[in-house]
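Subject: Structure for you to look at

Hello,

Here is the structure I said I would pass on. Please open it first and then read the notes below beside it.

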Amino acid sequence: MGSALAGAALALALAACTTTTTVVKYAGSSPGSSARASASASPSPTGPTVTITPGGGDKTADPSTGITVTAAGGTLKNVTVATSGDPVTGTYSAGRTAWHSAATLNVSQSYTVTADASAANGTTTTKTSAFRTLTPASAFAAEIFEGQGQTYGVGMPIMLTFSHPITDKAAVERSIELTTSKRVVGAWYWDGNSTLDFRPRDFWPANTTVSFTGRFNGVLGAPGVYGDHTLTQSFVIGQSVIAVASTRTHRTQIYIGGKLKYNWPISTGRDALPTPDGSYLTVDKNNPVRMIGGTKGTAGYYNELVNWAVRFTFSGDYYHSAPWSVVDQGTTNVSHGCVNLPPADA
């Protein structure tokens with residue numbers, strides 16, 4: 001009698017030291033029935049074998065691999081994940097013999113997974129496992145250029161900058177969700193290893209709300225470098241205002257809402273200082289802007305306050321008022337690279 005009690009106490013002590021528990025229930029006679037008491041009775045059937053990865057007690061689980069639950073000899077009925085971090089959802093395999101979390105887990109976070117499975121003979125298994133994800137030695141952060149609730153033009157790309165070079169670019173891309181209030185077709189493009197841009201195939205539809213979510217927490221962006229935050233941002237695309245300038249016709253057309261609104265004479269860059277060809281975004285606008293060019297004391301030097309200036313390259317190209325070149329606007333290119341406009345049009 002004494003040895004039996006000692007054995008029971010030892011079993012309880014072992015159970016208290018583990019973070020994984022398994023409970024098997026079976027359909028059969030009650031414990032007090034004669035069939036159960038009979039020495040010739042068949043053994044009770046065992047329940048499905050449920051495996052949870054990461055295993056219970058793991059304190060350095062890899063968040064980038066997520067959670068996997070499998071059931072051998074049965075099917076999964078329910079899987080739940082409790083955590084104080086980002087909620088965890090997942091999907092079942094076709095036969096419900098496996099379940100996997102939909103996204104990466106948070107770094108430095110505790111999780112408790114509970115899984116219920118049942119077999120064809122009616123037996124069920126409930127397994128609970130608790131673990132903690134690793135704390136990375138190095139983490140990357142991501143910033144988005146667009147400001148919360150701000151309004152941008154129809155040509156604006158989404159621009160992300162990462163604090164560490166990203167080598168597993170596919171993992172980062174999988175963690176991004178982009179939602180728009182109007183249908184948009186576009187693509188992401190990596191400019192090197194630290195900048196990721198999204199640009200629509202055509203211009204954004206006017207008056208579109210754009211919502212960005214980057215679930216970077218737990219993403220392995222480079223060997224040993226994990227994301228440690230979720231980035232969200234919403235902004236608005238405003239009205240469509242598109243200027244098209246021609247260095248050959250010396251005219252610029254201004255389209256508002258997709259319709260031609262103005263057709264103005266211009267003068268663009270002279271042969272030695274041509275206006276750059278391409279599609280650009282407005283960078284800023286000011287009235288006036290001090291423009292300085294050339295070398296002081298030499299021919300071609302200028303230092304002028306220029307009115308109604310809209311900048312479209314960081315190197316210093318503008319649409320701006322140019323009363324001094326009105327006589328050339330519409331016929332000849334005489335500027336230092338900017339698009340000269342009549343003062344009233346500018």
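In which strand is the place of Thr252? Thr252 sits in strand β21, which covers residues 251-256. Strands here are DSSP runs of E with at least two residues, helices are runs of H or I with at least four residues, and both are numbered from the N terminus.

Before going further, some notes on the source. This is a predicted model, in which local features need pLDDT of at least 70 and side-chain atom pairs count only at pLDDT 80 or more, while totals for chains, interfaces and linings use all residues. Residues are numbered from 1 along each chain as its sequence is written, and side-chain values use heavy atoms, with hydrogens and water left out.

Thr252 and its contacts

Thr252 is buried, with a relative accessible area of 0%. Buried means under 20% relative accessible area, exposed means over 50%, and partly exposed is in between, with a 1.4 Å probe and protein chains only. The side chain of Thr252 makes a polar contact with the side chain of Tyr319, at 2.9 Å. A polar atom of the Thr252 side chain also lies 3.1 Å from the backbone oxygen of Val244. A polar contact is a pair of N or O atoms within 3.5 Å; within protein, one must be able to donate a hydrogen and the other to accept it, and residues adjacent in sequence count only if both atoms are side-chain atoms.

Aromatic rings

How many aromatic pairs does the structure hold? There are 12 aromatic pairs. Rings of Phe, Tyr and Trp (its six-membered ring) pair if their centres lie within 6.5 Å; planes under 30 degrees apart count as stacked, over 60 as edge-to-face and the rest as tilted. One of the pairs is Phe198 with Trp204, which is tilted, at 5.9 Å centre to centre and 45 degrees between the planes. Phe198 and Trp204 are both buried. Another pair is Tyr262 with Trp264: the ring centres are 4.9 Å apart and the planes are at 25 degrees, so this pair is stacked. Trp264 is buried at 16% relative accessibility, whereas Tyr262 is partly exposed at 34%.

Tyr262 belongs to strand β22 (residues 259-265). Together with Val241 and Ile256, Tyr262 makes a nonpolar surface patch of about 240 Å². Patches are made of residues with over 30% relative accessible area and no salt bridge; like charges are joined within 9 Å, and nonpolar side chains (Val, Leu, Ile, Met, Phe, Trp, Tyr) within 5 Å. The areas come from the Shrake-Rupley method with a 1.4 Å probe, and for residues only the protein chains shown count as cover.

Elsewhere, ring pairs link Phe140, Phe162, Trp190 and Phe216 into a cluster. Arg96 lies over the face of Tyr92, 3.8 Å from the ring centre. For a charge to sit over a ring, NZ of Lys or CZ of Arg must be within 6 Å of the ring centre and within 35 degrees of the ring normal.

Salt bridges

The structure holds two salt bridges. A salt bridge is a side-chain nitrogen of Lys or Arg within 4 Å of a carboxyl oxygen of Asp or Glu. Glu177 and Arg215 meet in one of them, at 3.7 Å from N to O. Glu177 lies in strand β13 (residues 176-180) and Arg215 in strand β16 (residues 208-215), so the pair ties together parts that are 38 residues apart in sequence. Glu177 is partly exposed at 39% relative accessibility, and Arg215 is partly exposed at 38%. Arg201 forms a salt bridge with Asp202, with the closest N and O atoms 3.8 Å apart. Arg201 and Asp202 are both exposed.

Backbone details

Which residues are joined by a cis peptide bond? Thr53 and Pro54 are joined in this way, with omega about 10 degrees. Pro54 lies in the loop between β2 (49-53) and β3 (68-72). Asn287 and Pro288 are also joined by a cis peptide bond, with omega about 5 degrees.

Asn207 is not a glycine, although it has a positive phi of about 60 degrees. Asn207 is exposed, at 53% relative accessibility. Trp308 also has a positive phi, near 50 degrees, and lies in the loop between β25 (302-306) and β26 (309-311).

Regards
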